[in-house]
Amino acid sequence: MSLVSEVLTGGIRGGTSINYAALGESVSERGGVINLGTEGSMLCGALAAYAVAAESGNLWLGVAAGAVAGGLLSLVHAYFVLSRGANQLATGLVVLFLGLGLTSMFGVDYVQALAPTFKPIDLPILGSIPLIGPIMFDQDALVYVSYVLVPVLWWVIYRSRWGVLLRAAGERSEVLTANGIGVLRIQYIAVVVGGMMAGVGGAHLSIAYTKAWFENMVQGRGFVAVAVVMFAARQPFKVAAGAYLFGSALALSPALQSRGYGINQFALDAVPYVVTLLALILLGRRRANETPEGLSKVFDAPTVA
Amino acid sequence: MKIRRLGMLAAAVALIAAACSSNTTDNESAASDEPAATTTPGATAGTGAAAPAGDAPGVGAAKVGFIFVGPKDDFGYNQAAFAGSEAVAAAHPDIEVITAENVPEDDNATRVMQKMVDDGAKIIFATSYGHLDPALKIAADNPDVVVVQQGNVITGTIPPNAGTYFGTVYEPVYLAGMAAGSVTESNKLGFIYAFPIPQTIANINAFELGAQSVNPDAETYVVNTSNWCDPAKQAEAASSLIAQGVDVLTQHQDCTATITKAAEEAGVMVIGYHADASALAPEGWVTGSEWDWAALYNDIVDTALAGEFTGSKYNANFRVGYKDGANPFVQSAYGPMVTDETQQEIADELELISSTGSPFAGPVTAQDGTLLFEDGEVPVYDEIESRNSAFVEGVIGEIPQG
């Protein structure tokens with residue numbers, strides 16, 4: 001396998017958990033709520049998926065459990081931010097630590113448990129496409145689901161009635177209120193759906209990618225997802241591209257090392273973060289105008305509709 | 001304007017948090033663990049007061065403290081150390097063993113250990129490599145407390161109440177390398193490590209030298225993860241190595257399940273580290289090395305209790321190996337692919353290492369052709385780690401320079 005295709009394959013494999021979380025965070029931010037607790041939702045999703053898959057032997061039940069766990073944790077965030085008017089950023093961090101603590105506590109029994117895991121499936125026709133076949137279509141089922149999720153989410157955000165309501169909730173909530181539509185309900189749904197998707201991202205990490213549950217195993221990928229969302233301006237296709245870019249940056253180091261290349265390991269480890277920072281610097285200015293106005297609420301007196 | 005400021009602020013928070021996540025989170029869990037778990041409820045501080053007077057450090061300890069860098073059930077390093085602390089509790093029913101998990105390798109460790117001392121602990125085991133500096137600080141501040149550190153090396157003068165200890169990990173790793181060299185078909189072995197510390201470099205070299213001793217064509221490909229436990233990085237490292245044709249994987253990581261399962265799933269063989277993980281790889285398990293700390297921990301505790309710590313072998317950079325007959329790092333069980341013949345060869349080598357041999361018996365040549373160990377030389381334990389300053393010939397990869 002060539003270096004490029006190996007890095008890209010690894011980029012998709014490793015970027016998928018970030019992709020799910022970032023797509024979820026896009027939905028949440030479209031609705032006007034930043035959720036820094038994404039990392040916590042991923043942890044809850046990773047543990048719940050691994051635990052349920054281990055107990056039931058059913059992978060998809062595991063994924064469902066991951067989604068529910070991620071959604072439940074984000075519900076805590078939604079309650080404090082939306083119903084209690086708490087600071088979004090601070091609440092998000094608190095929710096992260098809540099997730100970390102809960103999963104550390106309840107995860108003890110599952111560190112040594114054996115769970116079934118998703119295996120790569122070589123898709124018949126698609127897999128034989130030159131170049132992109134082996135990169136994109138020799139992955140696990142959750143990766144394929146994410147391929148479908150991206151355009152679906154794009155359609156929902158930009159073309160569906162629910163998408164209009166969602167964006168209005170984030171941009172001009174007073175318009176919704178004037179039309180007698182409950183902003184709060186839409187924002188709750190947005191945050192919880194976002195958390196559920198982060199939970200599925202965590203599930204991919206535990207029952208597909210690493211095949212293990214381990215305390216704090218997300219290791220900052222939830223924060224990377226939040227950063228990806230910002231430089232991708234909450235647009236699903238760009239979010240996916242950003243997640244794969246980060247995944248590829250992570251895959252670069254082992255791919256080079258396993259070929260015996262002499263490289264500065266520590267500089268290479270910084271690549272994913274430098275890439276993200278550069279993207280934020282380069283794109284941040286331009287993207288700022290597109291930021292949902294609701295995200296600025298943290299600096300205003302909470303005005304809950 | 002407000003919006004942009006917010007965006008940048010949030011982005012900055014997100015990135016800083018991402019880059020420092022392990023620290024932040026470790027702090028958090030360390031803090032939550034701080035009311036240290038009690039393994040054996042037992043004697044109270046009164047015992048300490050009643051103990052023989054004298055200023056020898058550690059004498060009359062009523063409590064012994066252990067700190068671990070990770071959780072106590074990681075299928076690896078910390079689990080083995082925790083099991084050792086339980087053995088101390090079992091062997092000393094009148095001593096209270098206090099433990100703290102997830103103690104980061106920074107000032108938090110100082111704080112947690114000082115708390116243990118304040119609570120009456122007079123013997124402290126700091127069980128992670130990076131706990132050394134905090135441990136030395138505690139030793140300097142509390143001359144009546146024995147502080148021993150697992151795996152690192154004190155350079156310069158060793159305080160009268162401190163020391164480091166470890167098994168000679170590279171000995172069973174050398175034997176495991178022999179097994180790897182005999183079962184590989186591609187002659188490519190993979191080694192996933194965390195950081196290029198001397199102990200790890202010695203391990204990688206021993207693994208390759210062991211493999212070469214039975215299979216001159218065997219090469220070891222190395223990948224590091226810059227983290228003692230990041231399962232996603234481990235998964236990526238494993239798949240990169242497997243893509244290069246590696247058919248036996250081994251590792252020096254704190255948590256070991258991901259790499260073991262990745263190997264099993266890809267149909268390649270695996271050699272364990274820290275713990276027997278053969279249950280995770282019924283097809284591909286070759287052998288491995290695992291910890292059994294009970295005897296060593298108990299002997300350190302007994303030495304300190306008797307007031308004999310200062311000047312003892314533990315008041316040094318103590319390394320115990322097969323030559324002393326009590327290496328706490330032992331061989332794991334063999335998998336079905338290791339032939340009786342190979343097992344016999346390994347048993348013979350074990351006997352040799354236990355008497356007059358060494359995994360690093362010269363000549364040992366570094367990648368650049370220089371001699372690490374002279375022809376005919378059998379290095380002593382004290383020197384082995386520090387003299388493994390480069391990868392040996394046959395290791396594919398470079399030591400990352402900071």
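Reader: Which hand does the crossing of helix 2 and helix 3 of chain A have?
Author: In this predicted model, the crossing of helix 2 of chain A with helix 3 of chain A is right-handed.

Reader: At what angle do helix 2 and helix 3 of chain A pack?
Author: Helix 2 of chain A and helix 3 of chain A, residues 59-83, pack at an angle of about 150°, and their axes are 7 Å apart. Angles over 145 degrees count as roughly antiparallel, so helix 2 of chain A and helix 3 of chain A are roughly antiparallel to each other.

Reader: Which residues make the contact?
Author: On helix 2 of chain A they include Gly40(A), Cys44(A), Ala48(A), Val52(A) and Ser56(A). On helix 3 of chain A, Leu59(A), Val63(A), Gly66(A), Gly70(A) and Leu73(A) are among them. By class, the contact of helix 2 of chain A with helix 3 of chain A has 16 nonpolar residues, 8 polar and no charged.

Reader: How do helix 2 and helix 9 of chain A cross?
Author: Helix 2 of chain A, residues 38-56, and helix 9 of chain A, residues 183-209, have axes that come within 6 Å and cross at roughly 55°. That makes helix 2 of chain A oblique to helix 9 of chain A. The crossing of helix 2 of chain A and helix 9 of chain A is right-handed.

Reader: And what residues meet there, in helix 2 and helix 9 of chain A?
Author: Thr38(A), Met42(A), Gly45(A) and Tyr50(A) are among those from helix 2 of chain A. From helix 9 of chain A, the list includes Gly195(A), Gly199(A), Gly202(A) and Leu205(A). The residues of the contact of helix 2 of chain A with helix 9 of chain A divide into 12 nonpolar, 8 polar and no charged.

Reader: What about helix 2 and helix 4 of chain A, how do they cross?
Author: The axes of helix 2 of chain A and helix 4 of chain A, residues 88-107, come within 7 Å and cross at roughly 20°. That makes helix 2 of chain A roughly parallel to helix 4 of chain A, and the crossing of these helices is left-handed.

Reader: How many charged residues are in that contact of helix 2 with helix 4 of chain A?
Author: The contact of helix 2 of chain A with helix 4 of chain A has 1 charged residue, along with 9 nonpolar and 5 polar. Glu39(A), Leu43(A) and Leu47(A) are among the residues from helix 2 of chain A, and they face a group in helix 4 of chain A that includes Val95(A), Gly99(A) and Phe106(A).

Reader: Switching to chain B. In what order do the strands of the open sheet run?
Author: The order is 13-11-10-9-7-8-16 in chain B, with 7 strands and mixed pairing. Strand 13 (329-331) and strand 16 (395-396) of chain B stand at the edges, each with a single partner strand, so one side of each has no neighbour in the sheet.

Reader: Strand 7 and strand 9 of chain B: parallel or antiparallel?
Author: Strand 7 of chain B and strand 9 of chain B, residues 248-252, run parallel and are joined by 5 bridges. Leu189(B) stands opposite Val248(B) in strand 9 of chain B.

Reader: Which strands does helix 7 of chain B lie across?
Author: Helix 7 of chain B, residues 170-183, lies across strand 7, strand 9, strand 10, strand 11 and strand 13 of chain B. Helix 7 of chain B runs at about 175° to strand 11 of chain B.

Reader: What kind of peptide bond joins Gly362(B) and Pro363(B)?
Author: A cis peptide bond joins them, with omega about 0°. Pro363(B) is in the loop between helix 12 (340-355) and strand 14 (364-365) of chain B. Most peptide bonds are trans.

Reader: And what is phi of Arg234(A)?
Author: Phi of Arg234(A) is near 60°, a positive value in a residue other than glycine. Arg234(A) is in the loop between helix 10 (221-231) and helix 11 (236-257) of chain A.

Reader: Where in chain B does pLDDT stay under 50?
Author: Residues 17-53 of chain B stay under 50, and the model has 76 contacts beyond four places in sequence for them. Where pLDDT is low, the predicted coordinates should not be read in detail.

Reader: Which element of chain A has the lowest mean pLDDT?
Author: Helix 12 of chain A, residues 265-288, with 71; helix 2 of chain A has the highest, 97.

How values were computed
Residues are numbered from 1 along each chain as its sequence is written. Chains are lettered from A and ligands numbered from 1 in the order in which they are written. This is a predicted model: local features need pLDDT of at least 70, side-chain atom pairs count only at pLDDT 80 or more; totals for chains, interfaces and linings use all residues. pLDDT is the predictor's confidence in each residue, from 0 to 100. Two residues are in contact if their C-beta atoms, placed from the backbone, lie within 7 Å. Axes are lines fitted to C-alpha atoms, for helices over the stretch in contact, and angles run from 0 to 180 degrees between N-to-C directions. Helices (H or I, at least four residues) and strands (E, at least two) are DSSP runs, numbered from the N terminus. Angles under 35 degrees count as roughly parallel, over 145 as roughly antiparallel, 65 to 115 as roughly perpendicular and the rest as oblique. A crossing is left-handed if the near helix is turned anticlockwise from the far one by less than a right angle, and right-handed if clockwise. Ala, Val, Leu, Ile, Met, Phe, Trp, Tyr, Cys and Pro count as nonpolar, Asp, Glu, Lys and Arg as charged, and the others, Gly among them, as polar. Two strands pair if DSSP finds at least two bridges between them.
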